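Visitor: I would like to go through this structure with you and ask, term by term, what each description rests on.
Guide: Gladly; here is the structure.

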Amino acid sequence: MQDPVRLPAPDDTGSATGERFAYQAQAALRAVMEMLAGGGVLHVTCEHFEDVLVARTDGTTQGGATLWDFQQIKSREEQKNWTLSGVLRSKALASLLRTHRVLREHPDLTYILTAGVEGVLSSDADVRAVAQGRGGDSAQRLDRIASHLGVDTAEAAGFLRLVRIEELPDRHELERRNRDALFDLAPHLRVGEAEALHADLLNRVRLAMDGRLGSRWQALVTRLDAPERFCASA
C-alpha cells in the first residue's frame, strides 16, 4: 500500500499566517494529544496535502486498515454559523478536491476528507448533509457544488461521499481543551511543568508545520510507550 505521506502533494506552499496559523497548530496538537493518549491515532503529519493528516488505526475501518483523515482547517473572526455558502467561500472543498484527485489514483488507500471549521454549523439542511458525506444526495445541491467547484456532477458526487465537515471549538476553547488533555495525560506534573510541556509540544507542532521538525521526535511519539516515557522526561 502506498503511504500518503510519501506521495507528492499538489500544493505544499501553505499560506497560513497569524491567527489562522495558530489555530491550525492547536487543531494539529489536538490530534497529537489523542495519539499520546493511545486513542487510535498512529501519527500526525502537518502541511502535507492539507493542513493536518491524521492516520487512524482504531477500528473505524473494516479489516483494520489505516484510515487517512486529510483535514483542511478553517478559522474565522466572525461568530456567524457556517452555511454551505460560507464553506464554499472558504475554499475548503476546493482544496480537498485537489487532494482527492491525487488520492483516487491509489485505490488501496482508505481515506476521508475533512473540513474542520471553527464554530458551529447552521441548521441549513445542505451544509448538514455535506458534513455527513451526503452532499450528493440532492440533485439541486449536487449541481450547486459541482458548479462552484467547476467539475461535472459525477466527479462531484464521488468526491462528496468522502467529505466530512467537523465543528471545532473556538480558538480559546480549543487551547483550553488541549491543556486539559495534557493535564489528564500527566497528572503527576506540577502546573508549571505541564504548561512548559504544552508550550514545547505546541512549538514542535509549529516546527512540523514549517517542515523543520527532525526525525527523532517522530520516532519517539510513534512508540507504544511514548506517553509514559515522554511525560517522565518532562
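Visitor: Which helices do the buried residues of helix 5 pack against?
Guide: The buried residues of helix 5 pack against helix 2 (84–89), helix 3, helix 4 (125–131) and helix 6, where contact means heavy atoms within 4.5 Å, and where helices (H or I, at least four residues) and strands (E, at least two) are DSSP runs numbered from the N terminus. This is a predicted model, in which local features need pLDDT of at least 70 and side-chain atom pairs count only at pLDDT 80 or more, while totals for chains, interfaces and linings use all residues. Residues are numbered from 1 along each chain as its sequence is written, and side-chain values use heavy atoms, with hydrogens and water left out.

Visitor: What puts the buried residues on the same side of helix 5?
Guide: In helix 5 (residues 139–149) the buried residues are Arg141, Leu142, Ile145, Ala146 and Leu149, buried meaning under 20% relative accessible area, exposed over 50% and partly exposed in between (1.4 Å probe, protein chains only). Because they cover an arc of only 125 degrees around the axis, they lie on the same side of helix 5, the arc being that of the directions from the helix axis to the C-beta atoms. On the other side of helix 5, Ala139, Gln140 and Ser147 are exposed.

Visitor: Why is Ala154 called exposed?
Guide: Ala154, which is found in helix 6 (residues 153–160), has a relative accessible area of 60% and is therefore exposed.

Visitor: Why is the pair of Phe49 and Phe70 called edge-to-face?
Guide: A pair of aromatic rings is described by the distance of the centres and the angle of the planes. Rings of Phe, Tyr and Trp (its six-membered ring) pair if their centres lie within 6.5 Å, with planes under 30 degrees apart counted as stacked, over 60 as edge-to-face and the rest as tilted. A search of the whole structure finds two aromatic pairs. The ring centres of Phe49 and Phe70 are 5.7 Å apart and the planes are at 80 degrees, so this pair is edge-to-face. Phe49 lies in the loop between strand 1 (41–48) and strand 2 (50–56) and Phe70 in strand 3 (residues 67–74), so the pair ties together parts that are 21 residues apart in sequence.

Visitor: What makes Phe70 and Tyr111 a pair?
Guide: Phe70 and Tyr111 are 6.3 Å centre to centre with 90 degrees between the planes, an aromatic pair that is edge-to-face. Since Phe70 lies in strand 3 and Tyr111 in strand 4 (residues 110–118), the pair ties together parts that are 41 residues apart in sequence. Phe70 counts as buried because its relative accessibility is 1%, and Tyr111, with a relative accessible area of 9%, is buried.

Visitor: Which residues have the most contacts inside the largest nonpolar core?
Guide: A nonpolar core is a set of buried Ala, Val, Leu, Ile, Met, Phe, Trp, Tyr and Cys residues joined through side-chain atoms within 4.5 Å. The largest has 34 residues, and those with the most contacts inside it are Phe70, Leu93, Leu113, Phe159 and Ile165. Helix 3 (residues 92–103) gives the most to this core, with five residues.

Visitor: Where does pLDDT stay under 50?
Guide: Taking pLDDT as the predictor's confidence in each residue, from 0 to 100, one such stretch is residues 219–234, for which the model has 19 contacts beyond four places in sequence. Where pLDDT is low, the predicted coordinates should not be read in detail.
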